[in-house]
Structure formats: C-alpha cells, structure tokens
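Biologist: I have a model open and would like to learn how to read it feature by feature. Could we go through it together?

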Amino acid sequence: MKRLSSSKRVVSNEVKGDIEWELRPGGMLVQKRNMADAASAPMIKIKVSHGSYHRDIAVPAQSTFGDLKRVLAQETGLEPKEQRLLFQGKEKDDEECLHMVGVKDMSKVVLLEDPASKERKLVEMNSNQSVLKACEEVAKVRSEVDKLSEKVIAVEANVRAGTKVAENEFLVLTELLMVQLLQLDTIEADGEAKVQRRVEVRRVQGLVDTLDHLKARNSNPFSSSCNAVPTSTKWEAFELSSTRITQDWEVFD
C-alpha cells in the first residue's frame, strides 16, 4: 500500500463525496469518527470471553477497541494497557473501529491479559505472601519474648525490693532471649516484616541489657556503680554467625 507523502499529511481531513476521512498514526486513512454521532449511534452487544468470564457488553456501534477496553476495565478490573483484544483470531489496535473490521451485534471478542502484566502481578503476589509469612514468624517470636519480658519484669521487681535472686535465673533468662534472637536470624524478611524483625531484635537487646544491669545490682546492691547502665553487656559473650542481626542492631545504635 502506497503511503501518503509528508506534504499530504498536513491536511488531516479529506472529504470524498459525503464521507469525511482522517489520518491515523502510522499513515492509515480511515473514516473520521464524529463524537456526537458516536454517542447517538445504535448500541450493539459484544460477547466478550475472558477465561471463565463470559459477558455481553453493550457499546456504541462506532466505538473503537480502545473504547471497549475502557468499558472492560470497569467490568474486569484490568487496566486498558493490561488488555489484549482479539477478533477473529487477530489482535486489534486501540484505534481500530469495531464496525470497520466487521464487529456486529453479538460478535465475539476474546480478552486476554497482557503476559507482562500477568507476570508482574504474580511476582507481587508471591512477594506479598513472603512478607505475610515472615510477619507471622516474627509474631511467634514476639509472643515468646512477651513471656520472657514478664519474667524479666518480675526479676527486676525483686532486685529493686532488695530480694536476693539466684544467679542461675539471670543466666537462664539471658540464654532464652538469645534463642529468640537466633530465631529472628532465620527469618527472611523484607518490607514491613523486616521492620517488625528489627523492632524485636532491638527489644531483645534491651531485655538482655536490663538483665545484665540487674545481675550486677543483685551481686552488689550497695555499689553506687550498679545504678548506671553498664557500657558493655553480655552481647560480647555471644558469637553471632548472622550478619543480618548485626546489621539490624547497628540500625538502632
């Protein structure tokens, strides 16, 4: 097909008899659509098939496939750019008019979701599921830390009241807290789950620091230095193999 020269493209509309034409992107000459006429044009029903979805969609007879996509966006939730429309086995461009390619009342059009869009949604869904799973794992650790926190509070109350606490109790609580810290280390977390994990890491750190301070005060209740929080804690006694926990700790320091 011979393309129009650049000089002829200056005139976008050309009258041939009673039909007015317009030049579409790509050099295609088609009958001009009059918006007022389109709105008053007779309606047709199109059978749209999309997987298990089948529905009759009513649109003006002179609509374009782009117009049909906008209607389908409200029906299916798929944005127009995520849709591919096929008529008689061929994909149609948004600019093409329904009546110009033979779409009539009760004609069948197949709707497909763009593969790139489908893949992107799948990746997002898998990511969301991973975050949800990580949040659930962090919640389990949080529940255990809640129980240990109550025991630390009880020990603190006894120490402040002057009641002697067995040294082994400090050791056991510290080890149990470290178990939860190592459990946090095994959780692969991103997004909100990562934020929650960092909060719990910081929380465990605070509880161990508190136990270290209470142990010193319990050993020597009359020492004035016991009223200050020690600059070094039992964290130095644990060799943590995970870099993630160290990084999470540094974020809050």
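Modeller: Let's begin with a pair of helices: H3 passes H5 in a left-handed crossing. Bear in mind throughout that this is a predicted model.

Biologist: At what angle do the axes of H3 and H5 cross, and within what distance do they come?

Modeller: The general idea first: two packed helices are described by the angle between their axes and the distance between the axes. Here the axes of H3 and H5 come within 10 Å, and they cross at roughly 15°. Angles under 35 degrees count as roughly parallel, so H3 and H5 are roughly parallel to each other.

Biologist: And how do H4 and H5 cross?

Modeller: Their axes also come within 10 Å, but the crossing angle is roughly 165°. That makes H4 roughly antiparallel to H5. The handedness of the H4 and H5 crossing is left-handed.

Biologist: Which residues of H4 meet H5?

Modeller: From H4, the residues are Glu167, Phe170, Leu173, Thr174, Leu177, Leu181 and Leu184. Among those they meet in H5 are Val201, Val204, Leu207, Val208, Leu211 and Leu214, and also Arg197 and Glu200. As background, an α-helix has 3.6 residues a turn, so residues three or four places apart point the same way.

Biologist: What span should H3 have, and how far apart are its end C-alpha atoms?

Modeller: H3 covers residues 115-160, which is 46 residues. At 1.5 Å a residue H3 should span 68 Å, and its end C-alpha atoms are 66 Å apart, so the two values agree.

Biologist: Which residues of H3 are buried, and what covers them?

Modeller: The buried residues of H3 include Ala134, Cys135, Val138, Val141, Val145, Leu148, Ser149 and Val152. Ser117, Val155 and Val159 are buried as well. Their cover includes strand E8 (107-113), helix H4 (167-185) and helix H5 (191-219). H3 is followed by Gly162, which has a positive phi near 90°.

Biologist: Now the sheet. What is the order of its strands?

Modeller: It is an open sheet of 5 strands, ordered E5-E4-E8-E6-E7, and its pairing is mixed. E5 (53-60) and E7 (90-91) stand at the edges with a single partner strand each, so one side of each is left without a neighbour in the sheet.

Biologist: Which residues lie on the covered face of E8, and which on the uncovered one?

Modeller: In a regular strand the side chains alternate between the two faces of the sheet. In E8 the covered face holds Ser107, Val109, Leu111 and Glu113, while Lys108, Val110 and Leu112 are on the uncovered one.

Biologist: Take Ser107 in E8. Is Ser107 buried or exposed?

Modeller: Buried means under 20% relative accessible area, and Ser107 has 13%, so Ser107 is buried. Leaving aside neighbours within four places in sequence, Ser107 is in contact with Lys45, Ile46, Lys47, Phe87 and Gly102.

Biologist: To finish, how many helices and strands does the chain have, and what share of its residues is buried?

Modeller: The chain has 6 helices and 8 strands. Of its 253 residues, 34% are buried. Among contacts between residues at least 6 apart in sequence, 60% join residues at least 24 apart.

Definitions and conventions:
Residues are numbered from 1 along each chain as its sequence is written. This is a predicted model: local features need pLDDT of at least 70, side-chain atom pairs count only at pLDDT 80 or more; totals for chains, interfaces and linings use all residues. Side-chain values use heavy atoms; hydrogens and water are left out. Helices (H or I, at least four residues) and strands (E, at least two) are DSSP runs, numbered from the N terminus. The expected span of a helix is 1.5 Å times one less than its number of residues. Buried means under 20% relative accessible area, exposed over 50%, partly exposed in between (1.4 Å probe, protein chains only). Contact means heavy atoms within 4.5 Å. Two strands pair if DSSP finds at least two bridges between them. Axes are lines fitted to C-alpha atoms, for helices over the stretch in contact, and angles run from 0 to 180 degrees between N-to-C directions. Angles under 35 degrees count as roughly parallel, over 145 as roughly antiparallel, 65 to 115 as roughly perpendicular and the rest as oblique. A crossing is left-handed if the near helix is turned anticlockwise from the far one by less than a right angle, and right-handed if clockwise.
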